[in-house]
Amino acid sequence: MADTSTQKDALVTEITPQSQDFSAWYLDVVRRAELADYSPVKGCMVIRPYGYAIWELIQQALDARFKATGHVNAYFPLFIPESLLRREAEHVEGFAPQVAWVTRGGTEDLEERLVVRPTSEAIIGTMYAKWIQSWRDLPVLINQWANVVRWEKVTRPFLRTTEFLWQEGHTAHETEQEAEEETLRILALYKEFCETVLAMPVVDGRKSDSEKFAGASKTYSIEGLMGDGRALQAGTSHNLGQNFAKAFGIQFQGRDKVLQHAWTTSWGVSTRLIGGVIMTHGDDSGLILPPRVAPHQVVIVPIPRGNWQETVLPRAREIRDALVRAGVRVFLDDRDAYTPGWKFAEWEMRGVPVRLEIGPKDIEKRQVVLARRDTRAKVPTPTDGLEARVGALLEEIQDGLLARARAFRDDHTSAAANYDEFKAMMEGRPGFVMAPWCGSAECEALVKSETQATIRNIPFTAPTPAGPCVRCSEPAVATAWFAKAY
Ligand SMILES: [Zn+2]
């Protein structure tokens with residue numbers, strides 16, 4: 001038994017330090033914390049129970065928000081006939097290089113090839129054309145929880161995989177203004193969710209034309225800043241204008257009796273958010289989970305002294321039950337095959353917000369010891385009123401993580417007045433760099449090829465440009481946020 005513990009101890013400490021190689025650190029954490037594993041299919045991941053539990057918490061929190069804003073869930077097929085995907089020209093051009101095809105069913109070649117959905121505008125647009133006849137049928141506010149497939153060359157668990165899980169909202173409206181309001185409502189919902197639930201601060205704004213969704217009129221995004229100074233696009237919301245309505249024939253008779261095309265939107269976030277949580281909060285010891293998405297918010301580790309199974313364990317069970325009744329997600333680690341030291345390291349690495357230690361001496365003193373994952377502070381806490389104290393502590397940790405991530409983001413956001421300064425910033429300590437931009441796709445492409453930085457978005461709160469375009473010195477139209485991105 002002692003041997004097993006020693007071996008496990010060695011395994012748990014095998015995480016590459018962030019400062020040495022952030023990317024290796026990320027992969028170590030994903031594997032060691034048992035969030036995901038590689039699969040026999042290249043580019044696809046298996047989401048393990050601990051990782052999937054995080055996804056379920058994300059789903060629940062988002063789903064409640066979608067429903068509170070009037071949306072309902074439905075499910076559309078995995079396969080899309082080729083002819084449907086081809087209806088919207090920009091859309092097919094944008095997705096064609098990443099599409100997986102089905103050409104055979106059983107022993108027979110298909111008459112028409114099928115696409116495994118990379119996104120569902122085509123199939124959903126086709127159905128909306130059947131369902132929407134009159135202005136009275138609008139708005140249609142449907143969300144789908146689903147998997148999609150995009151054939152990726154370079155993959156990384158959660159951040160970019162060939163198959164991934166997501167939600168895609170698809171709405172249809174009577175007017176252009178309503179569609180724009182919906183697009184922005186969802187973007188604001190995503191932002192509030194990321195900050196409140198994931199403790200991940202994001203910058204909201206509009207994508208440049210070259211970065212927008214294939215077929216959209218306007219794309220908005222939220223962008224987070226990861227621990228290595230790279231940006232992560234955490235969610236997008238698209239105003240599709242009438243482009244898809246025209247391609248799929250979504251027409252209705254208006255209040256004025258005139259036949260017209262609907263205005264549609266689509267929006268999505270994916271399992272990529274789990275990658276965002278890992279890279280926003282984690283440290284050299286592993287994962288740090290914000291309490292609202294932690295599968296175990298508290299892990300109880302009994303200290304095995306004397307006849308602990310008759311003394312400590314029953315008390316630990318009482319505490320667990322009381323915490324569960326108070327609505328806390330708690331796990332009692334009563335495995336006697338592992339030492340407390342091993343358990344401390346294990347749950348720390350797996351990011352559990354609070355560890356609760358209880359031994360014979362604590363029982364005598366009518367207390368437990370609470371250890372925070374984020375600050376590592378250890379505080380003896382009376383068992384009287386423990387549930388309230390734990391609840392407050394989880395809130396404190398949640399708020400503390402957001403504040404810490406926000407401070408990091410602000411600390412890694414700078415403004416560049418000229419291109420030399422800009423290049424120096426991108427080569428030095430990366431982060432967001434705010435710079436004036438003339439609006440030309442050419443300049444944007446040059447910046448990308450010369451520095452690897454892309455325009456993440458043009459933030460809603462961006463200041464008016466302080467000077468000429470950082471690349472070409474022509475008059476600037478906007479202050480854009482640039483960064484190297486995942
Ligand atoms: Zn320019």
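## The largest pocket

The lining of the largest pocket draws at least two residues from each of α5 (89–95), β8 (163–173), β11 (231–239), β14 (263–270) and β22 (454–459), where helices (H or I, at least four residues) and strands (E, at least two) are DSSP runs numbered from the N terminus. This is a predicted model, in which local features need pLDDT of at least 70 and side-chain atom pairs count only at pLDDT 80 or more, while totals for chains, interfaces and linings use all residues. Residues are numbered from 1 along each chain as its sequence is written, and side-chain values use heavy atoms, with hydrogens and water left out.

The space in the largest pocket comes to about 1,200 Å³. Among the 42 residues that line this pocket, R150, R160, E211, Q233 and R272 are the closest to its centre. Sorted by class, the lining has 13 nonpolar, 18 polar and 11 charged residues; here Ala, Val, Leu, Ile, Met, Phe, Trp, Tyr, Cys and Pro count as nonpolar, Asp, Glu, Lys and Arg as charged, and the others, Gly among them, as polar.

A pocket is found on a 1 Å grid over the protein atoms alone, as an open set of points with protein on both sides within 12 Å along at least five of seven lines, whereas a cavity is a set of points where a 1.4 Å probe fits but cannot get out; lining residues have an atom within 4 Å of a point. Grid points are joined across faces, edges and corners, and a volume is the space filled by probe spheres set on the points.

## Two cavities

The structure holds 2 cavities of 30 Å³ or more, and the largest cavity has a volume of about 70 Å³. Its lining is made up of E121, I124, G125, Y128, H170, T171, L240, F244, I250, T264 and T265. Two or more of these lining residues come from each of α6 (121–131), β8 and β14, and α6 gives the largest share, 4 residues.

The second largest cavity has a volume of about 40 Å³ and is lined by L27, V30, R31, A36, D37, Y38 and P157. The elements α2 (22–32) and β1 (36–38) each give two or more residues to this lining, which by class has 5 nonpolar, no polar and 2 charged residues.

## Helix α15 and its cover

In helix α15 (residues 441–451), the residues C443, E444, V447 and T451 are buried, a term for under 20% relative accessible area, with exposed meaning over 50% and partly exposed in between (1.4 Å probe, protein chains only). Seen down the axis of α15, these buried residues fall within an arc of 100°, so they line one face of the helix; the arc is that of the directions from the helix axis to the C-beta atoms.

The face of α15 turned away from its buried side carries the exposed residues E442 and S449. The cover of the buried residues of α15 includes α14 (419–427), β21 (432–437), β22 and β23 (478–483), with contact meaning heavy atoms within 4.5 Å. After α15 comes Q452, whose phi is positive, near 70°.

K343 has its place in helix α11 (residues 340–349) and is buried, with a relative accessible area of 3%. Not counting residues up to four places away in sequence, K343 touches V301, D333, D334, R335 and Y338.
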